[in-house]
Amino acid sequence: MKDGKFLTLGIETSCDETAISVVADGRQVWSNVISSQIEIFKNYGGVVPEIASRHHLENINKVLEEALKVADVTLDDIDLIGVTEGPGLIGALLMGVATAKAIAFAKDIPLVGVHHLFGHISANFLEDENLEPPFLALITSGGHTEIVQVKSYTDCEILGGTRDDAVGEAYDKVARVLGLGYPGGPKIDKIAKSGNPEAVNFTRVLLEKDSYDFSFSGLKTQVLNYINTEKQAGREVCREDVAASFQQAVMEVVVKKTMNAVNLTGALKLVMAGGVAANSKLRSMLESETEKAGIKLYCPKPILCTDNGAMIGSAAYYKYKALGEDELNMDASSNLPLERN
Amino acid sequence: MSEIVRTIEIKNEKDTEKFGLSLAKSLKAGDVVALIGDLGTGKTALTSYIAKGLDIKRRISSPTFTIVKEYEEGRLPLYHFDVYRVFDEDELFNIGIEEYFYGKGVCLIEWADLIMNILPENTKYIYLEYGNKEGERVYKCTF
Ligand SMILES: Nc1ncnc2c1ncn2[C@@H]1O[C@H](COP(=O)(O)OP(=O)(O)OP(=O)(O)O)[C@@H](O)[C@H]1O
Ligand SMILES: [Mg+2]
């Protein structure tokens, strides 16, 4: 406790970033330190798990120190430790969980494991102090594409998800095909701005009529086919047009299904979460659709959309209030299901 | 590495399903199947049909992000790997890949060509290639 506030230390190491935050009363970000390793990975064209865990190990103490310093607190002020327990790269997750357990044990502070996606959803509680469940959430990231009905701070139901590649994954793979490197999503978004979204008519994969599932794996084959065909015909491929057309095909489907889910659940609030929530096309399309439907759209600022410790701190705070602490023998799980935080 | 002993012409995804279902019948605990082929040749798609053949009801999504996804509920446990993003084989030892290889289940490994050195002797290889027309694939198997 400090200044009468309940302080949660949020630790996130499920993939590229080593991130730690101090969050007050589950809502206010007192510090949010993120040590990104993306620069290192650029040289390899992907996330390098071995390097990821090694760097988490090297970084984590520095990041912790910095997070406490910025918040102007010590470990003795911390009331709760929240840590991402899954899903993610197992080696990377273990770094965060081991650190969290060590502090919890040494300082006798309660510990709570958080589902990474509940963390992403909770980023919205930090963005808007008045937001409360229930609402509908659209989670789009490198590993996830899910439409989730959030019923309370700890209960949710998945209405649909990807059957193959996640949105961010599809972006990464197509970026590779276009020679844009890693991470590809932001670059596709960027070059798409100067391309024609109607240049190539990629298939909109809607699946069964009332399904909220997604399938993006066919798109990479289509992009490959298109490029090969153009090359064989001796025509120059305009990457901007391909990027814009790909983005249009993906986001049209995402937005359509999300708005269908809004209608189904009668949700009055739509919440965006995950790294791809920062995509400019997705944001602008959802802004105009939610306005038409007369419902409110929430979207965290980019720093809270990417992996960070603050979102984990917020999620942990509400889970602790509802369900109490976890045992110290809790463990990381690379594919933790999201039925419940 | 062993030789290609059969080549299967796949006309469409229905054929992929047939192949996957029949392969699933022959799989036993401790089998490792290497799926080698370019982006979009259908390694994940084939895995989903093999999973169906193992009576796994849950949907199989791409494991590119988490590197491994585990499915325990079928006739045999299925460990679905995608080692596309793996750079250093040591990391796979750290996550206990050998326990998966010599465990009670079946391992299916996408992009297995990247970790050829550490695959067990008895690994079954399937090389997936694009065919001439849309939906066509050619599978070359070492078993
Ligand atoms: N005969 C076929 N067999 C398998 N997939 C097919 C076939 N014909 C078309 N497809 C389509 O091709 C796509 C294959 O994508 P999938 O993600 O399975 O490939 P992958 O090899 O796993 O790619 P990655 O390298 O990204 O992991 C799917 O959309 C699938 O529906
Ligand atoms: Mg795949």
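Predicted model: local features only at pLDDT ≥ 70, side-chain atom pairs only at ≥ 80, totals over all residues.

Author: Happy to! Helix 11 covers residues 309–323 of chain A, 15 residues in all. From its first C-alpha to its last it reaches 20 Å, close to the 21 Å expected at 1.5 Å a residue.

How much of this helix is covered? Helix 11 of chain A is mostly covered, with 12 of its 15 residues buried. Just after the helix comes Gly324(A), which takes a positive phi of about 80 degrees.

Strand 4 of chain A, residues 80–86, has 7 of its 7 residues buried, so it is largely enclosed by the rest of the structure. Strand 1 (residues 7–12) of chain A runs parallel to strand 4 and is joined to it by 4 bridges, with Ile11(A) standing opposite Val83(A). Strand 4 also pairs with strand 5 (residues 111–115) of chain A, in the parallel sense and over 5 bridges. In that pairing, Ile81(A) has Leu111(A) as its bridge partner.

Elsewhere in chain A there is an open sheet of 5 strands, in the order 8-7-6-9-10 and with mixed pairing. Its edge strands are strand 8 (156–161) and strand 10 (296–298), each of which pairs on one side only. From one strand to the next, the twist averages 20 degrees.

Since 6 of its 6 residues are buried, strand 6 is largely enclosed by the rest of the structure. In a regular strand the side chains alternate between the two faces of the sheet. You can follow this in strand 6 of chain A: Phe135(A), Ala137(A) and Ile139(A) point one way, while Leu136(A), Leu138(A) and Thr140(A) point the other way, and all are buried.

What are the pairings of strand 6? Strand 6 and strand 7 of chain A run antiparallel and are joined by 6 bridges; the two form a hairpin with 4 residues between them. Ile139(A) stands opposite Glu146(A) of strand 7. With strand 9 of chain A, strand 6 pairs in the parallel sense over 4 bridges, and there Ala137(A) has Val271(A) as its bridge partner. Strand 9 (residues 269–273) in turn runs parallel to strand 10 of chain A, joined by 3 bridges, and Lys269(A) stands opposite Lys296(A) in strand 10.

A helix accompanies these strands as well. Helix 8 (residues 239–265) of chain A lies across strand 6, strand 7, strand 8 and strand 9, running at about 160 degrees to strand 6.

Finally, let us see where chain A meets chain B. In this model, 22 residues of chain B are in contact with 27 residues of chain A. On the chain B side, strand 3 (68–71) and helix 3 (89–94) each supply at least two residues. By class, that side of chain B has 8 nonpolar, 7 polar and 7 charged residues.

The chains also share a ligand site: residues from chains A and B surround ligand 1, so the site is shared between chains. Of the 24 residues around ligand 1, the nearest are Ser217(A), Gly42(B), Lys43(B), Thr44(B) and Ala45(B). Helix 7 (217–232) of chain A, together with helix 1 (13–26) and helix 2 (43–53) of chain B, each supply at least two residues of the shell. By class, the shell has 3 nonpolar, 13 polar and 8 charged residues.

Note on methods. Residues numbered from 1 in each chain as written. Chains lettered and ligands numbered in written order. Near = placed C-beta within 6 Å. Nonpolar A, V, L, I, M, F, W, Y, C, P; charged D, E, K, R; others polar. Pairing = 2+ DSSP bridges. Axes fitted to C-alpha atoms, helices over the stretch in contact; angles between N-to-C directions. Contact = placed C-beta atoms within 7 Å. Buried ≥ 20, exposed ≤ 12 C-beta atoms within 10 Å, placed from the backbone. Expected span 1.5 Å × (residues − 1).
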